[in-house]
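Colleague: Could you take a close look at one part of this model, a single residue and its contacts, and then carry on to the packing beyond? Please give the cut-offs as you go.

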Amino acid sequence: MTFSSKFLKQAPLNQWLVILILLVILFIAGIPGYFTQNWQWKQSPPIVNIKQIQKLRTQNLPVPGWKTLKQEQFQAGGHKWSLQEIQKQKIKPNSPDIKATMLLYPQDSPTSKPQVEWTDINSLTKWKIAQYRQVSFNVPQQDGINTGKDIKVKARFFRATLDNKNLTTYAVLQWYAMPMKGDPSPMDWFLADQAAKLRKQRVPWVAVHIMIPMESLGQLEDNWSEIKSLGEAVQASLIRNVFGFTQG
């Protein structure tokens with residue numbers, strides 16, 4: 001049995017489906033360029049609001065229901081992130097203080113792609129990950145954001161424990177925010193961006209990393225409601241204040 005035939009036999013079906021989709025997208029995208037010699041990959045459409053996206057490194061992202069305590073640039077794996085410490089606004093005076101840390105890595109330029117941001121964070125913190133799962137939540141239809149439907153976000157959700165004296169532990173939520181969706185996989189952005197190019201548009205992105213302190217041996221699910229609510233607020237704020245996205 002040759003290597004190629006062995007590979008064809010062993011390759012998972014979903015991998016071949018992804019490859020087939022990519023080939024179809026590239027074929028369709030290349031047809032206009034073939035006849036006009038105006039190749040789309042040489043003249044990609046611009047990213048709308050790229051300057052506003054880049055400002056995330058030095059400006060607060062307003063998060064409804066939360067106030068910013070501190071914002072500064074933070075470096076991980078050669079990438080400059082925005083580190084924003086926030087605190088939930090109290091509804092009742094005797095409510096407990098709830099704080100969170102939000103790391104945002106905005107798209108650098110029209111040619112930059114999401115790739116290894118989560119690995120950079122893991123390498124820097126060297127924390128131990130447990131109770132990992134993929135979750136989803138919806139950002140409801142809002143005034144001024146005419147999407148026609150709720151925006152679905154998929155995210156990585158896990159418990160992370162630092163190897164220090166106190167075993168500091170966080171509930172962590174990670175995803176790539178886009179105007180009409182969110183997903184932790186770069187492949188999801190790539191497919192969406194290729195499809196947008198056919199309409200002479202682009203899909204901007206921002207890597208989002210949220211941490212809320214939790215008990216070192218606590219159950220991750222106990223923190224889901226709070227971090228889910230924060231994730232919804234962050235995605236909505238990015239759409240409204242950064243992506244500036246509306247669609248009729």
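Modeller: Thr161 is buried, at a relative accessible area of 13%. Buried means under 20% relative accessible area, exposed means over 50%, and partly exposed is in between (1.4 Å probe, protein chains only). The model is predicted, so local features need pLDDT of at least 70 and side-chain atom pairs count only at pLDDT 80 or more, while totals for chains, interfaces and linings use all residues. Residues are numbered from 1 along each chain as its sequence is written, and side-chain values use heavy atoms, with hydrogens and water left out.

Thr161 sits in strand 5. Helices (H or I, at least four residues) and strands (E, at least two) are DSSP runs, numbered from the N terminus. The side chain of Thr161 makes a polar contact of 3.2 Å with the side chain of Thr169. Such a contact is a pair of N or O atoms within 3.5 Å; within protein, one must be able to donate a hydrogen and the other to accept it, and residues adjacent in sequence count only if both atoms are side-chain atoms. Neighbours within four places in sequence aside, Thr161 is in contact with Trp127, Lys128, Leu167, Thr168, Thr169 and Ser216. Contact means heavy atoms within 4.5 Å.

Now the cores. A nonpolar core is a set of buried Ala, Val, Leu, Ile, Met, Phe, Trp, Tyr and Cys residues joined through side-chain atoms within 4.5 Å. The largest one has 38 residues, and those touching the most other members are Leu173, Trp175, Val208, Ile210, Leu230, Val234 and Leu238. Two or more residues each come from helix 3 (50–54), strand 3, strand 4 (128–139), strand 5 (151–161), strand 6 (169–177), strand 8 and helix 6 (224–243). Helix 6 gives the largest share, 10 residues. Take Ile210: residues up to four places away in sequence not counted, Ile210 touches Thr101, Met102, Ala171, Val172, Leu173, Trp175, Ile227, Leu230, Gly231 and Val234. A separate core of 21 residues includes Ala76, Leu83, Trp189 and Trp205.

In helix 4 (residues 117–125), Glu117, Trp118, Asp120 and Ile121 are buried. These four cover an arc of only 160 degrees around the axis, which puts them on the same side of helix 4. The arc is that of the directions from the helix axis to the C-beta atoms. The buried residues of helix 4 pack against strand 1 (66–76), strand 2, strand 3, strand 5, strand 6 and strand 8. Just after helix 4, Lys126 has a positive phi of about 50 degrees.

Next, the rings. Rings of Phe, Tyr and Trp (its six-membered ring) pair if their centres lie within 6.5 Å; planes under 30 degrees apart count as stacked, over 60 as edge-to-face and the rest as tilted. Eight aromatic pairs turn up in a search of the whole structure. Trp81 and Tyr105 have ring centres 5.5 Å apart and planes at 45 degrees, so this pair is tilted. Trp81 is in strand 2 (residues 79–88) and Tyr105 in strand 3 (residues 99–106), so the pair ties together parts 24 residues apart in sequence. Trp81 and Tyr105 are both buried. Tyr105 also forms a tilted pair with Trp205, 6.0 Å centre to centre and 45 degrees between the planes. Tyr105 lies in strand 3 and Trp205 in the loop between helix 5 (186–197) and strand 8 (206–214), so here the parts tied together are 100 residues apart in sequence. Trp205 is buried, as is Tyr105. Ring pairs link Trp81, Tyr105, Trp118, Tyr176 and Trp205 into a cluster.

Asp193 belongs to helix 5 and is buried, with a relative accessible area of 2%. A polar atom of the Asp193 side chain lies 3.0 Å from the backbone nitrogen of Val203. Beyond its neighbours within four places in sequence, Asp193 is in contact with Arg202 and Val203. Lys200 is in the loop between helix 5 and strand 8, and is exposed at 71% relative accessibility. Its phi is near 60 degrees, a positive value in a residue other than glycine.
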